[in-house]
Amino acid sequence: MLMLFILLMSLGSAWYLGVLAFSQGMPVKRWAFVGALMGPVGYPLFTTHKRLNARRAGLLSGRDFRC
């Protein structure tokens, strides 16, 4: 039963991070793989990369950083 739960969480995380990556213009396959490999733990990594991409694109300035 635990293995089924872990598998479903992994697949759900892969789908969720894939959808988020698509909506943010980030590589979908890469983030779906990270979601499948790490599960929900990959979400903080995704948000960090999303913020870095926005800063690189000039959408955020250095003083707008919020925790």
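## Helix contacts

Contact here means heavy atoms within 4.5 Å. In this predicted model, Y16, L17, L20, A21 and Q24 of helix α1 meet G42, Y43, F46 and K50 of helix α3. The residues of this contact divide into six nonpolar, two polar and one charged.

Two packed helices are described by the angle between their axes and the distance between the axes. For α1 and α3, which spans residues 42-56, the angle is about 5 degrees and the axes lie 11 Å apart. Angles under 35 degrees count as roughly parallel, so α1 is roughly parallel to α3.

## Overall make-up

The chain has three helices and zero strands. Read from the N terminus, its elements run α-α-α. Of the 67 residues in the chain, 22% are buried.

The accessible surface of the chain comes to about 5,300 Å². Carbon and sulfur atoms account for 70% of that surface. Taking contacts in the chain between residues at least 6 apart in sequence, 32% join residues at least 24 apart.

## The nonpolar core

Which residues make up the largest nonpolar core? There are seven: L17, L20, A21, M26, W31, V34 and F46. Helices α1 and α2 (28-38) each supply at least two residues of this core. The most comes from α1, with three residues.

## W31

Leaving aside residues up to four places away in sequence, W31 touches L17, A21, M26, G42, L45, F46 and H49.

## S13

S13 is found in helix α1, which covers residues 2-24. Is S13 buried or exposed? Its relative accessibility is 12%. The cut-off for buried is under 20%, so S13 counts as buried.

What does S13 touch, not counting residues up to four places away in sequence? The partners are G35, G39 and P40.

Methods: Residues numbered from 1 in each chain as written. Predicted model: local features only at pLDDT ≥ 70, side-chain atom pairs only at ≥ 80, totals over all residues. Heavy atoms only, no water. Helix = DSSP H or I, 4+ residues; strand = E, 2+ residues; numbered from the N terminus. Buried < 20%, exposed > 50% of the residue type's maximum accessible area, 1.4 Å probe, protein only. Axes fitted to C-alpha atoms, helices over the stretch in contact; angles between N-to-C directions. Parallel < 35°, antiparallel > 145°, perpendicular 65-115°, else oblique. Nonpolar A, V, L, I, M, F, W, Y, C, P; charged D, E, K, R; others polar. Core = buried A, V, L, I, M, F, W, Y, C linked by side-chain atoms within 4.5 Å. Areas by Shrake-Rupley, 256 points an atom, 1.4 Å probe, with all protein chains shown as cover.
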